[in-house]
Amino acid sequence: MLKFIKHHEFYLSIFILFFSAVWMIVFLGSYNWFIVLPLGISWVGLICLFDFFERKYFAHSIIPDTIPRKRKVLIITTVSLLFCVLLDGFGVFVARLWYYPFFPLKVYLLIAPFAFGAYTLLLFILYEFIRDLVTHHRKINFAQSLGGRFYTTIMSSELTLGIIGYFLTIIYALKFLTDSHLSPFIITQKGEVPFSGFYILTLVLISTFFIFEFICFKQNKQTLTHDILSGNFWPIIFILIANTLAIVIIEFANTPFHVWSFANWPYDHIRLLNVPVAALLLWPLQFYAFLSMLRALFPSKEVVW
């Protein structure tokens, strides 16, 4: 099976994307949870497409045909589930920043693990592709060694801020779960929250990034904080480019179908293709949090930043 995918990955990706597009267009306007599934399936096609280019031009792949790649995919899958539980846990069930009009809770719980895996795997492979593409065509001077008390103080401060951030978000989550008039388990309709959960989700993502940066620091692994302090801003550039691609192929592709819909964002009326501008500004934080989690679990030799 893996051998077949490896030898036909490009054509398989085109078929999946074509099938998904035709399916969604044929049933345009008449949606239920089954009809909109191909939007998520299209992410698998995009993963295959970018993995094909990664393997063809940079000798990297996520196809688990070797023991190291199997371990890599297992780590990505594990982290993706944890990350998306945080993302949807706060974004959907607490902050009510988006909801799924076609997915009752039972259907959501059945499909979510697969969607989480495809979503985060797509984020990872977009970042890896952009990083490899740029570093292949441009010589980059990576960060020099940075040590001493200053760096240690910065990393310890990140851990403290991360713990405080999670403490505040948990307090808000408990307050919401006890005071809200709308059950947190109803995810098919817009819910009203005491104040914009945008700040809560932002705090969760930043706190996650800080905590896992500290874990990487204790593991003597390269951290994004180290790169920034050393004057190497290329990882941020890679993330911003990958983030732009992800917004186009994930968020904007969802615009005609409303598989998920946004609510309760600051300046919610200011939108681009029905996506709140505030949500677009928050998007890069997903990469920072998710990639820092991966870096903590990846072997030291596995390059992320």
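**Entry 1: Arg-96**

I started with Arg-96, whose side chain reaches the backbone oxygen of Ile-186 at 2.5 Å. I count a polar contact when a pair of N or O atoms lies within 3.5 Å; within protein, one must be able to donate a hydrogen and the other to accept it, and residues adjacent in sequence count only if both atoms are side-chain atoms.

Before going on, I note that this is a predicted model, where local features need pLDDT of at least 70 and side-chain atom pairs count only at pLDDT 80 or more, while totals for chains, interfaces and linings use all residues. Residues are numbered from 1 along each chain as its sequence is written, and side-chain values use heavy atoms, with hydrogens and water left out.

I found Arg-96 in the loop between α4 and β1 (98-99). For these labels I take DSSP runs, numbered from the N terminus: helices are H or I of at least four residues, strands E of at least two. Arg-96 has 3% relative accessibility, so I log this arginine as buried. My terms here are buried for under 20% relative accessible area, exposed for over 50% and partly exposed in between, with a 1.4 Å probe and protein chains only.

**Entry 2: salt bridges**

Next I looked up charged pairs and got a count of five salt bridges. The rule asks for a side-chain nitrogen of Lys or Arg within 4 Å of a carboxyl oxygen of Asp or Glu.

One of them joins Arg-55 and Glu-9, at 2.7 Å from N to O. Arg-55 lies in helix α3 and Glu-9 in helix α2 (residues 9-26), so this pair ties together parts that are 46 residues apart in sequence.

I then turned to Lys-72 and Glu-128, whose closest N and O atoms are 3.2 Å apart in a salt bridge. This pair links distant parts of the chain, with Lys-72 in helix α4 and Glu-128 in helix α5, 56 residues apart. Both Lys-72 and Glu-128 are buried.

Arg-131 and Asp-132 also meet through their side chains in a salt bridge, 3.2 Å from N to O. I checked their burial too, and both Arg-131 and Asp-132 are buried.

Which residues are linked in a network of salt bridges? I noted Lys-72, Glu-128, Arg-131 and Asp-132.

**Entry 3: aromatic rings**

A search of the whole structure gave me 27 aromatic pairs. Rings of Phe, Tyr and Trp (its six-membered ring) pair if their centres lie within 6.5 Å; planes under 30 degrees apart count as stacked, over 60 as edge-to-face and the rest as tilted.

I picked Phe-53 and Tyr-57: their ring centres are 6.3 Å apart and their planes at 20°, so I wrote the pair down as stacked. The two are four residues apart in helix α3, separated by about one helical turn. Phe-53 is partly exposed, at 25% relative accessibility. One aromatic cluster takes in Phe-10, Tyr-11, Phe-50, Phe-52, Phe-53, Tyr-57, Phe-58 and Phe-129.

The largest nonpolar core has 90 residues, and Trp-98, Phe-103, Ile-250, Trp-265, Phe-287, Leu-291 and Leu-294 touch the most other members. Such a core is a set of buried Ala, Val, Leu, Ile, Met, Phe, Trp, Tyr and Cys residues joined through side-chain atoms within 4.5 Å. Which helix gives the most to this core? I found that α5 does, with 17 residues.

I then followed helix α11 (residues 284-297): at 1.5 Å a residue, its 14 residues should span 20 Å, and its end C-alpha atoms are 21 Å apart, which agrees. The expected span is 1.5 Å times one less than the number of residues. Of the 14 residues of α11, 13 are buried, so the rest of the structure largely encloses this helix.

Phe-287 touches residues including Leu-123, Tyr-127, Ile-239 and Ala-242, leaving out neighbours up to four places away in sequence; contact means heavy atoms within 4.5 Å. Phe-290, in helix α11, is buried with a relative accessible area of 1%.

**Entry 4: positive phi**

Last, I looked at backbone angles. Asn-220 is not a glycine, yet its phi is positive, near 60°. Asn-220 lies in the loop between α7 and α8 (224-229) and is exposed at 73% relative accessibility. Leu-273 likewise has a positive phi, about 50°, without being a glycine; Leu-273 sits in the loop between β3 (271-272) and β4 (275-276).
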